[in-house]
Amino acid sequence: MRFILAGWKLLFLREGPYQPDTTHDVQWNRGAYLANGVGHCGACHTPRDSLGAEIRTRHFAGGEAEGWHAYAINSDSQSHEAWNADALHAFLRQGWHEQHGDAHGPMAPVSRSLALAADSDVQAIAVYVASVMEKPAKSHQGTAAADHPITKLAQPFTPPHARAATTAPGPFPSEASN
């Protein structure tokens with residue numbers, strides 16, 4: 001077993017101290033260090049190959065963790081509202097943001113832990129991740145919130161007894177007769 005693990009580490013382990021990106025400021029580099037190191041955001045938010053290694057070319061493109069789908073937190077984000085550093089900071093710190101919902105599944109304990117972390121560290125992570133996210137995917141830019149694919153999945157169900165008298169019986173409002 002150790003031989004297999006040694007081979008995996010030889011192929012995929014990145015050793016050595018964090019090397020700051022000189023094209024970015026100290027706060028961004030602190031956020032990159034925390035998100036990619038101790039925070040290991042990519043462990044959930046990056047897809048893995050058949051050997052279990054993160055696919056580096058798809059960094060933060062969404063992945064599977066503990067039976068949950070971790071959303072893309074890069075420019076592939078399906079969010080109908082663009083994330084920014086302030087929104088990410090609030091979400092990471094409080095586990096909720098009015099435009100993006102709540103942290104659930106494996107993300108819930110992360111936000112509970114970050115509520116106790118130094119605010120400057122949470123802000124640095126938010127600045128870094130916001131820069132990685134850039135803009136929402138072109139397919140979702142300008143999409144009205146009600147027409148966005150994720151919002152459509154989250155539309156509330158109206159039970160038959162709560163529908164208007166002009167609505168025909170059936171499980172979905174779209175089945176109503178005119």
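A crossing of two helices is called left-handed if the near helix is turned anticlockwise from the far one by less than a right angle, and right-handed if clockwise. Helices here are DSSP runs (H or I, at least four residues), numbered from the N terminus. The model you are looking at is predicted, so local features need pLDDT of at least 70 and side-chain atom pairs count only at pLDDT 80 or more, while totals for chains, interfaces and linings use all residues. Residues are numbered from 1 along each chain as its sequence is written, and side-chain values use heavy atoms, leaving out hydrogens and water.

Let's start with helix α6, residues 119-133. From first C-alpha to last, the 15 residues of α6 reach 21 Å, close to the 21 Å expected at 1.5 Å a residue (1.5 Å times one less than the number of residues). Of these 15 residues, 11 are buried, meaning under 20% relative accessible area with a 1.4 Å probe, protein chains only. Among them are Tyr 128, Val 132 and Met 133. Their cover includes α2 (26-36), α4 and α5 (107-114).

Now turn to α4 (residues 85-94), whose axis comes within 8 Å of that of α6 and crosses it at roughly 130 degrees; axes are lines fitted to C-alpha atoms over the stretch in contact, and angles run from 0 to 180 degrees between N-to-C directions. That makes α4 oblique to α6, since angles under 35 degrees count as roughly parallel, over 145 as roughly antiparallel, 65 to 115 as roughly perpendicular and the rest as oblique. The crossing is right-handed. Residues in contact (heavy atoms within 4.5 Å) include Leu 88 and Leu 92 of α4, and Val 122 and Ile 125 of α6.

Note on methods
Helix = DSSP H or I, 4+ residues; strand = E, 2+ residues; numbered from the N terminus. Buried < 20%, exposed > 50% of the residue type's maximum accessible area, 1.4 Å probe, protein only.
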